Amino acid sequence: MKLAFFDDFKLGVIKDDSVVDVTDAVSGINHTSPQDLISRVIENFANLNGALQQAADSGSGIPLDSVRLRPPLPKPGNVVAMAVNYMEDGTRDAPAPINAFHKSPNAVIGPGDTMILPDVPATIFEGEAEMALVIGKRASFVRQEDASDYVFGYTNFIDGSARGLPPEGNTFYQMKARNTFAPLGPWIVTADEIDDPQELSVKLSVNGELKQNFNTNDMAHKIPRIIEWVSSVHDLEPGDVIATGTNHRGLSAFQDGDSIDLTIEGLGTLSFNVKDDLKRTWARTTRLEMAEQGKEGTTPQLTGKYA
Ligand code: MN
């Protein structure tokens, strides 16, 4: 099942190219916000699944192009993102030590929304294509062999990054937690629809040009280990999100006016826009192309403030 929010955060189930309003099937759930509603639906899904499926089967769908899809998890209690969690097509000898950081729940935006580049002296702004786990039940010190019991489903996720901010050192917070730097969606796909989450193609295009193109089979620390480790740091709740990391080689600059599309196999396409009031520019060169030219790091800023 594919669960979405649309228009003024009505709960919907995706049926082909349409969405069925299933509000009535969850009318018995008291909630304080859209996130609270979806978290409770996730937590009680075993009991609600039948009614939701029946509502979806019997309801008439509204064409997706006539609704506004919203982030399916508008304000998760935890948005954890794994750091350096790919083998980068064999260019790493061994997995980096397991590591992660929090992004702010306030950073979440949804399909069709706009990522805003802030007026800070970043050397580059990037958005990392990531497959995200949606947690299904409270998780505390989960064992790897039990980890799949805690995965409710999956969604597309972008880990927006403002690189190179001073001072050097502890950079994750100011690099990653910014407003609008966590686009996710377009919907949650329940775990039963994905045969093998470690065998999914991930493709990100900027203005229609393919930039990131990798497979989740290149992940360094796999999903069971991720859940084991994160749930040993703090408890996870239904509706929390863990982004599983990216293969950095195809990263390129996000800049004003960009139209971004992220498609993960089985999870649909998350599309959103980028806005920069400062109109800074960078070459479109990816990190891989830089490396192939024998250059270090990311492509330099060409024009605008801080260049
Ligand atoms: Mn990342």
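## What lines the largest pocket

In this predicted model, four elements each give at least two residues to the lining of the largest pocket: strands E10 (124–135) and E11 (151–163), plus helices H3 (172–176) and H5 (287–292). Helices (H or I, at least four residues) and strands (E, at least two) are DSSP runs, numbered from the N terminus. H5 has the largest share of that lining, with three residues.

The pocket's volume comes to about 480 Å³. Lining it are 26 residues, and Glu88, Arg92, His248, Arg249 and Arg287 are the closest to its centre. A pocket here is an open set of points on a 1 Å grid where a 1.4 Å probe fits, with protein on both sides within 12 Å along at least five of seven lines; lining residues have an atom within 4 Å of a point.

The chain splits into domain 1 (2–70) and domain 2 (79–303), with bounds from an automatic or database domain assignment. Contact (heavy atoms within 4.5 Å) links 14 residues of domain 1 with 16 of domain 2.

Together the domains bury about 1200 Å², 65% of it on carbon and sulfur atoms; this is accessible area (1.4 Å probe) lost on putting the two parts together, summed over both. On the domain 1 side, Lys2, Leu3 and Ile42 lose the most area, together 48% of what that side buries.

## Salt bridges

Two salt bridges cross the domain interface, counted when a side-chain nitrogen of Lys or Arg is within 4 Å of a carboxyl oxygen of Asp or Glu. Lys2 also forms a salt bridge with Glu193, with the closest N and O atoms 2.8 Å apart.

## Ground rules

Residues are numbered from 1 along each chain as its sequence is written. Local features need pLDDT of at least 70 and side-chain atom pairs pLDDT 80 or more, while totals for chains, interfaces and linings use all residues, and side-chain values use heavy atoms, without hydrogens and water.

Conventions
Grid points are joined across faces, edges and corners, and a volume is the space filled by probe spheres set on the points.
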